[in-house]
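Subject: A structure for you to look at

Hi,

Here is the structure I promised to pass on.

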Amino acid sequence: MGYTHYWSFASDEGFSDEAWAAIVEAVGRVLENSPVALSNETRVDDDAIVINGAEPDDFETLVIRHDVSNTHAFGPMPHAGFVKTQWRPYDVVVCATLLILRTLSPDVITIYSDGEWDGEWIGARALASNVLPDLAASFSEQSKLTPFPE
């Protein structure tokens with residue numbers, strides 16, 4: 001299956017416009033300060049977040065839409081998505097982005113991961129904390145990462 005990150009939405013309503021604006025600003029800072037090369041398709045705007053690594057370190061593209069229209073049923077989650085990063089360098093940016101989404105919209109999105117909080121997620125927590133120091137304390141809470149439903 002590969003190293004994968006998953007997310008689910010509480011409903012099909014998506015993010016509020018106010019929450020999405022804050023997300024766009026925060027994720028924009030992460031992209032501007034990325035410690036790794038990202039693909040030319042990487043962007044965050046009013047419509048979506050799109051992230052992948054630059055070749056040859058690319059793999060699957062993270063796509064999360066403002067209106068969550070690209071979700072599907074996945075196990076017990078009716079509105080879900082996933083991305084396989086296969087431990088490629090851009091994984092740190094994907095994880096930082098998911099962490100920001102969960103922090104800024106905890107009632108909208110839940111995140112799950114094959115990665116360990118005190119392993120693969122350390123770099124993402126540091127990146128998010130460095131670019132958003134006002135939220136740094138929030139990024140240290142392991143409760144941001146939910147055990148995958150069986």
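First, the ground rules. This is a predicted model, so local features need a pLDDT of at least 70 and side-chain atom pairs count only at pLDDT 80 or more, while totals for chains, interfaces and linings use all residues. Residues are numbered from 1 along each chain as its sequence is written, and side-chain values use heavy atoms, with hydrogens and water left out.

About that pLDDT: it is the predictor's confidence in each residue, on a scale from 0 to 100. The protein has a mean of 90, and 93% of its residues reach 70 or more. Confidence is lowest in strand 5 (residues 72–74), with a mean of 74, and highest in strand 2, at 98.

When I say helix or strand, I mean a DSSP run, numbered from the N terminus: helices are H or I with at least four residues, and strands are E with at least two.

Let's begin with helix 1, residues 17–32. Next, which of its residues are buried? Here buried means under 20% relative accessible area, exposed means over 50%, and partly exposed is in between (1.4 Å probe, protein chains only). The buried ones are Ala-19, Trp-20, Ile-23, Val-24, Ala-26, Val-27, Gly-28, Val-30 and Leu-31. They pack against strand 2 (43–44), strand 3 (48–51), strand 4 (62–65), helix 2 (91–104) and helix 3 (122–131). A contact, by the way, is heavy atoms within 4.5 Å.

Now for the sheet. Strands count as paired if DSSP finds at least two bridges between them. Three strands make an open, antiparallel sheet in the order 2-3-4. Strand 2 and strand 4 are the edges, each pairing on one side only. Two bridges join strand 2 to strand 3, and these strands form a hairpin with three residues between them. Strand 3 and strand 4 pair over four bridges. You can follow Ile-49 across the sheet: it is the bridge partner of Val-44, and its own partner in strand 4 is Ile-64.

In a regular strand the side chains alternate between the two faces of the sheet. Strand 3 is covered on both faces: Ala-48 and Val-50 on one side and Ile-49 and Ile-51 on the other are all buried. Helix 2 lies across strand 3 and strand 4, at about 160° to strand 3 (axes are lines fitted to C-alpha atoms, for helices over the stretch in contact, and angles run from 0 to 180 degrees between N-to-C directions).

What about the core? A nonpolar core is a set of buried Ala, Val, Leu, Ile, Met, Phe, Trp, Tyr and Cys residues joined through side-chain atoms within 4.5 Å. The largest one has 38 residues, and Trp-7, Phe-15, Ile-49 and Ile-51 touch the most other members. Two or more residues each come from strand 1 (4–9), helix 1, strand 3, strand 4, helix 2, strand 7 (109–113) and helix 3. Helix 2 gives the largest share, nine residues.

Finally, the loops. Ser-39 sits between helix 1 and strand 2 and counts as buried because its relative accessibility is 16%. Leaving aside neighbours within four places in sequence, Ser-39 is in contact with Asn-52, Gly-53 and Ala-54.

Most residues other than glycine have a negative phi, and most peptide bonds are trans. Look at Glu-55 and Pro-56, then: a cis peptide bond joins them, with omega at about 5°. Pro-56 is in the loop between strand 3 and strand 4.

Gln-86, in the loop between strand 6 (77–84) and helix 2, has a positive phi, near 55°. Trp-87 is in that loop too, and its phi is also positive, near 60°. Gln-86 is partly exposed because its relative accessibility is 26%, whereas Trp-87 is exposed, at 53%. Not counting residues up to four places away in sequence, Gln-86 touches Gly-2, Tyr-3 and Phe-59.
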